[in-house]
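The stops below are given in the order in which to select them.

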Amino acid sequence: MKFAGVRVISLMLPLLAAAPALAGIQLYRGAMEAVTAPSTTCEGILGKHPATLVIIEDSAQTGLNGYFESDVLAVGKLAGSDPAHLRVSYPGQDGIGNTISLTRSGATTLTGELSGAITVKHCTFDIGRLTLELVDDEKTAAATLKRLAKQFEAQATLYQAFSLTQNGNCEGALPLFEKSLGLADAVFGQGSPQLNHYIMGLANCYSKLGRTKEFNALYDQRISATSGETLKTALTRLRVNALAQEGRMLLAQAEYEAALKVLMQAYQLNPQNMDSIHTVMAVYVRSASYNEAVAFLSKAGAKLEQAADRKEINDIIALVYFKKGLKDAKSGKEAEAEASLRNAVALDPQSAQYLEALARMRHKAGHFDEAERLLSQGLEQITDESSRQEITAVQEKLRQTEMIIKKLRRVSDGIP
């Protein structure tokens with residue numbers, strides 16, 4: 001949808017001849033041609049644009065009213081007593097003295113010139129010419145009037161809603177966003193790109209207010225029919241956030257199966273989102289489903305585009321193996337624990353923590369030489385000084401333990 005960000009609009013058609021009285025509803029269609037622009041950067045708006053004008057004369061009241069429409073301006077509402085000088089109001093532009101002057105040329109034609117600083121997409125054009133032809137169809141005229149009136153109301157309501165959100169009042173804006181989208185639906189139909197501003201405004205409000213149920217319903221209803229990648233991307237981002245919030249709540253309540261179902265939906269919507277990967281992994285780890293965690297992380301890491309992200313996933317897999325190793329060791333599953341710790345060390349050889357845990361396990365199993373060799377290799381590979389000091393302390397402690405164990409064995413064997 002394209003709005004006129006207009007500070008000074010003057011829709012002025014020079015009065016070439018006396019305009020006869022207009023009776024009932026009259027519909028005109030034609031073109032508004034932007035002729036000149038103040039700079040070359042704005043020349044893209046020059047040329048002809050479709051235009052529609054509906055004028056109503058109410059016999060019960062003096063004066064005229066109606067609507068003016070172009071594909072580069074919001075719908076303007078007309079009012080006044082003289083076709084040569086009608087006031088024009090735009091949604092969000094109340095109080096600005098815009099005018100339109102109409103001149104009849106022949107029996108069925110309105111012609112004239114549009115002048116002033118008319119702003120379109122942050123550009124302005126200085127002069128435009130209007131040529132509009134009467135559409136002699138009462139049914140079409142009435143339907144067009146109804147459509148433009150509803151479109152004007154939809155745009156005006158949307159402006160009001162956005163104004164409230166700019167002042168931080170999303171709660172007050174919410175019913176206005178809902179109303180404006182309903183009105184716009186009746187004008188444009190679902191799937192129209194003209195709906196994008198309405199949908200995004202409502203979606204953002206739902207998200208900010210934590211209305212997850214309402215947002216998800218809006219998303220499910222609109223995403224397949226939505227045109228435009230920008231809107232789809234924005235809606236998907238909000239959807240991922242909503243699902244992640246719901247999943248974290250379920251995780252905090254230890255509802256692991258339900259949390260995983262929700263969080264996997266978030267991950268599948270955006271496999272590049274590291275937060276989604278982290279939360280899915282957290283569910284697996286909290287529920288002690290380590291094998292499932294490793295399988296998920298391996299597949300997720302393979303899909304990542306950034307090398308830094310793949311490295312991070314690799315480090316997380318190492319951490320999962322480490323946690324599994326500690327759990328298996330406590331449960332007496334020494335073979336499984338050793339295998340997991342070896343995997344952790346292989347994936348992250350710079351981690352002193354993983355190396356020390358494996359060395360302690362091998363030392364406890366009586367493989368003193370292997371434990372010593374593992375720690376010595378760690379000192380060769382690891383450059384972080386605090387980690388090196390930690391490894392040296394563990395190495396010394398294991399050596400002392402080894403001496404005590406060997407001495408006890410000699411005593412047990414009767415060797416002095």
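This is a predicted model: local features need pLDDT of at least 70, side-chain atom pairs count only at pLDDT 80 or more; totals for chains, interfaces and linings use all residues.

Residues are numbered from 1 along each chain as its sequence is written, and side-chain values use heavy atoms, with hydrogens and water left out.

**Whole chain**

Select the protein chain, which has 13 helices and 10 strands. Both are DSSP runs numbered from the N terminus: helices are H or I with at least four residues, strands are E with at least two. Of the 416 residues, 44% count as buried; buried means under 20% relative accessible area, exposed over 50%, and partly exposed in between (1.4 Å probe, protein chains only). The accessible surface comes to about 21600 Å², and 51% of this belongs to carbon and sulfur atoms. These areas come from the Shrake-Rupley method with a 1.4 Å probe; for residues, only the protein chains shown count as cover. Among contacts (heavy atoms within 4.5 Å) with a separation of 6 or more, 55% are between residues 24 or more positions apart.

Select residues 64-70 and 73-82, which are strands S4 and S5, paired in the antiparallel sense over 6 bridges. Two strands pair if DSSP finds at least two bridges between them. A hairpin through 2 residues joins S4 to S5, and tyrosine 67 stands opposite lysine 77 in S5. Aspartate 82 has histidine 85 in S6 as its bridge partner.

**Two alanines in loops**

Go to alanine 254, in the loop between helix H5 (229-252) and helix H6 (256-269). Its phi is near 60°, a positive value in a residue other than glycine. With a relative accessible area of 41%, alanine 254 is partly exposed. Next select alanine 288, in the loop between helix H7 (274-286) and helix H8 (290-303). Phi of alanine 288 is likewise positive, near 60°, and the residue is partly exposed at 34% relative accessibility.

**Aromatic rings**

Rings of Phe, Tyr and Trp (its six-membered ring) pair if their centres lie within 6.5 Å; planes under 30 degrees apart count as stacked, over 60 as edge-to-face and the rest as tilted. By this rule the count comes to 6 aromatic pairs. Show tyrosine 284 and phenylalanine 296: their ring centres are 6.1 Å apart and their planes are at 45°, so the pair is tilted. Tyrosine 284 lies in helix H7 and phenylalanine 296 in helix H8, so the pair ties together parts that are 12 residues apart in sequence. Both residues are buried, tyrosine 284 at 14% and phenylalanine 296 at 9% relative accessibility. Another tilted pair is phenylalanine 322 with tyrosine 354, at 5.0 Å centre to centre and 35° between the planes. Phenylalanine 322 is in helix H9 (residues 307-330) and tyrosine 354 in helix H11 (residues 352-364), so this pair ties together parts 32 residues apart in sequence. Phenylalanine 322 and tyrosine 354 are both buried.

**Helix H13**

Finish with residues 385-412, helix H13, where serine 387 is found. What does serine 387 touch, not counting residues up to four places away in sequence? Ala352 and Ile382. Glutamate 402, also in helix H13, is in contact with His363 and Phe368, leaving aside its neighbours within four places in sequence. Serine 387 is buried, with a relative accessible area of 15%, and glutamate 402 is buried, with a value of 15%.
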